[in-house]
Amino acid sequence: MEPQSIDQLYSNYLPVLIATIVGFVLVISALLGSRLLAPFSREREKATTYECGMLPIRRASTNVGVRFYLYAILFIIFDVEAVFIFPWALSFVGVGAQAYWVMVAFIAILGAGLGYAWKKGALQWR
Amino acid sequence: MTTAPASPPRRPEAPPALATPMARQIREAPTLRGMLTRAPAPVKVAGALAGLLFFAANAAIGYLVIDGRLDGHWYDFRDLGVAVGELRVWLDDRGLGPWLSYWVTALIGAVGILSFVGGVLLIGTWIERRLLAKFQIRRGPNRVGPFGLLQPLADAIKLVQKEVLIPRGADRILFYLPPVLVFIPAMLAWGPVPWAPTMSYLDINVGLVYVIAISSLSVLAIFIAGWSSNNHYALLGAMRTVAMMISYEIPVSISLLSVALFTGSLKLSAIVGWQSDHTMWLGLIMPFALFTFFFSSTAEINRTPNDIAEAESEIVAGFHTEYSGMKAGLFLAVELGNALLIGALAATFFLGGYTFFGLEQWIPPYLILAVKISAVYFLFVWLRGTLPRFRLDQLMGYAWKFLIPLSIAFMGVSAVEASILARVDLPGLLLIVLVVNAALTVVFVRLWARVVGYEAPRDEVTMPALTTSVGGLRAAQRLRGGAS
């Protein structure tokens with residue numbers, strides 16, 4: 001990959017901005033259309049949250065299982081790993097065996113972490 | 001006693017050769033096949049002629065281009081990107097400045113993507129519902145318009161007219177955001193997909209990373225939706241969705257890393273170019289990466305074997321339980337659009353993209369890509385009609401214990417193979433790599449399944465308790481043919 005100037009970067013990603021604007025216009029127009037066409041009423045009973053016909057007991061923002069948190073932590077580790085591996089994957093073929101073993105060591109450390117989490121039962125849904 | 005003439009006992013009429021309900025449905029119901037066969041002759045002739053003319057003109061232009069007597073011009077409709085380039089040159093020649101021509105072409109591309117996705121969404125809902133009906137031996141939508149083709153349009157009109165409720169206690173600002181936030185990434189992710197050599201909206205050199213990054217944005221929208229709805233089902237569904245999406249994002253990115261290793265580029269057009277240069281699909285070289293990508297994508301977009309986050313039998317509709325009217329419609333549209341997007345990405349990364357072993361010279365490449373997208377989409381619908389859904393713990397365990405270790409192992413394998421391919425110049429090397437990878441896939445999967453404990457249960461027929469207790473066992477055995 002050849003290096004790029006800042007102008008080129010802008011011109012490369014300007015279409016993203018334009019597509020975002022176009023998509024935004026579409027979504028907003030769809031929502032506005034429903035605002036114009038659909039009936040709206042401010043009835044108190046209608047705004048009750050859905051709970052299979054019962055009255056909801058308390059606010060929904062209550063406790064959530066800690067399992068999700070563990071998975072989130074594990075995910076961050078592997079996501080950072082992906083950030084490191086992508087540049088390596090592009091330049092690896094030119095560099096050779098040394099790069100390979102460096103990455104093997106890196107992944108081995110991460111794998112040890114995953115193995116530890118597995119052993120500790122973090123991957124077991126209880 | 002009257003003497004009636006002795007007539008031979010009436011034999012029941014022999015059933016037709018294919019008397020299954022499905023066959024009857026195909027014979028009676030107006031299907032696409034029926035439409036094509038029963039159309040009046042002039043329509044048939046005109047359609048066939050138009051199709052033939054299209055392909056013949058394509059082939060003629062393709063021949064002239066390959067022969068060197070023509071260069072790519074606006075009349076070369078194998079690649080619509082050329083036409084946009086011509087328009088840009090024309091605008092530049094009029095002295096309208098690079099900015100205007102730039103904006104005009106970018107707008108054309110954006111509107112093109114949008115209208116394509118919108119049109120495909122409308123047809124896609126119809127196709128999915130009709131196909132599912134076929135799988136479940138029913139008719140499917142066939143009332144609105146010819147063959148029910150206008151059903152999605154009717155649904156959209158109905159959704160626009162419905163009231164959008166805001167539940168009590170919801171966080172109003174956050175509740176407004178998610179339909180917008182979830183729709184725009186789903187559209188932006190189509191950008192780098194190449195439809196033809198120059199027909200790509202956003203051919204950036206980090207296209208692969210861009211696709212991963214953009215498609216992971218929707219996690220935020222989904223969590224905002226679940227959190228702001230003030231509903232237990234929505235919150236739980238959002239939690240499940242987020243946990244699943246982040247878990248399955250890792251196998252996706254690792255399987256795409258193998259693609260980057262082989263092709264040495266993150267540019268989507270270069271990845272397609274590598275596959276057409278080597279006349280080989282990457283999905284054949286690394287079947288496990290293809291499987292990982294496909295399966296993990298079903299989890300990322302909440303499609304059926306992995307749609308526990310929207311399991312309507314336990315948590316109503318998951319994170320968008322409280323959304324109604326057009327907002328729910330947007331969520332549904334995004335779900336379908338993502339399925340098609342995964343089809344496009346799988347085709348681009350693993351199935352050769354817009355190329356088909358030289359056929360792209362003669363017919364428009366975007367048609368080839370469309371056919372591949374439809375094939376992957378058909379697979380999605382097939383899975384939806386066939387498989388039950390997995391439990392959440394099974395899904396998470398499958399991602400972390402099976403897919404991630406194995407895809408890391410296969411990434412190491414493909415790193416070695418990529419460096420061998422770059423250094424050794426042997427004619428049949430790619431085929432050897434293919435065979436080696438297939439063997440390695442079988443061995444690794446069997447071994448690791450044994451480590452994790454995923455052995456297939458032995459197929460033992462047990463006596464149903466109810467049958468023995470009620471006493472129907474004898475009858476059952478008689479029906480089977482007298483086996484004790």
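1. The contact between the chains comes first: 62 residues of chain B are in contact with 48 residues of chain A. Two residues are taken to be in contact if their C-beta atoms, placed from the backbone, lie within 7 Å. On the chain B side, the elements that give two or more residues are helix H5 (97-135), helix H7 (172-188), helix H10 (232-263), helix H14 (325-350) and helix H16 (392-423). Helices here are DSSP runs of H or I with at least four residues, strands are runs of E with at least two, and both are numbered from the N terminus. H16(B) gives the most to this side, with twelve residues. By class, the side of chain B that touches chain A has 40 nonpolar, 16 polar and six charged residues. Ala, Val, Leu, Ile, Met, Phe, Trp, Tyr, Cys and Pro count as nonpolar, Asp, Glu, Lys and Arg as charged, and the others, Gly among them, as polar.

2. A word on the model and its numbering. This is a predicted model, in which local features need pLDDT of at least 70 and side-chain atom pairs count only at pLDDT 80 or more, while totals for chains, interfaces and linings use all residues. Residues are numbered from 1 along each chain as its sequence is written, and chains are lettered from A and ligands numbered from 1 in the order in which they are written.

3. Chain A has three helices and zero strands, in the pattern α-α-α along the sequence. Of its 126 residues, 13% are buried. A residue is buried if 20 or more other C-beta atoms lie within 10 Å of its own, exposed if 12 or fewer, and partly exposed in between, with C-beta atoms placed from the backbone.

4. The largest nonpolar core has 125 residues, and B:Met187, B:Ala238 and B:Ala346 touch the most other members. Such a core is a set of buried Ala, Val, Leu, Ile, Met, Phe, Trp, Tyr and Cys residues joined through C-beta atoms within 7 Å. H10(B) supplies the largest share of this core, 21 residues. Leaving aside residues up to four places away in sequence, B:Met187 touches A:Ala19 and A:Gly23, along with B:Ile113, B:Leu114 and B:Val117.

5. Helix H9 (residues 218-228) of chain B packs with H10(B) at an angle of about 160°, their axes 7 Å apart. Axes are lines fitted to C-alpha atoms, for helices over the stretch in contact, and angles run from 0 to 180 degrees between N-to-C directions. H9(B) and H10(B) are therefore roughly antiparallel, the term for angles over 145 degrees. Residues of H9(B) including B:Phe223 and B:Trp227 meet residues of H10(B), among them B:Ala238 and B:Met245. By class, this contact has eleven nonpolar, three polar and no charged residues.

6. B:Asn230, in the loop between H9 and H10 of chain B, has a positive phi near 60° without being a glycine. B:Asn230 counts as buried because 20 other C-beta atoms lie within 10 Å. B:Thr279, in the loop between helix H11 (268-277) and helix H12 (282-285) of chain B, is not a glycine either and has a positive phi of about 40°. B:Thr279 has 11 C-beta neighbours inside 10 Å and so counts as exposed. B:Ser216 sits in the loop between helix H8 (207-215) and H9 of chain B, and with 18 C-beta neighbours inside 10 Å counts as partly exposed.

Definitions and conventions. Angles under 35 degrees count as roughly parallel, over 145 as roughly antiparallel, 65 to 115 as roughly perpendicular and the rest as oblique.
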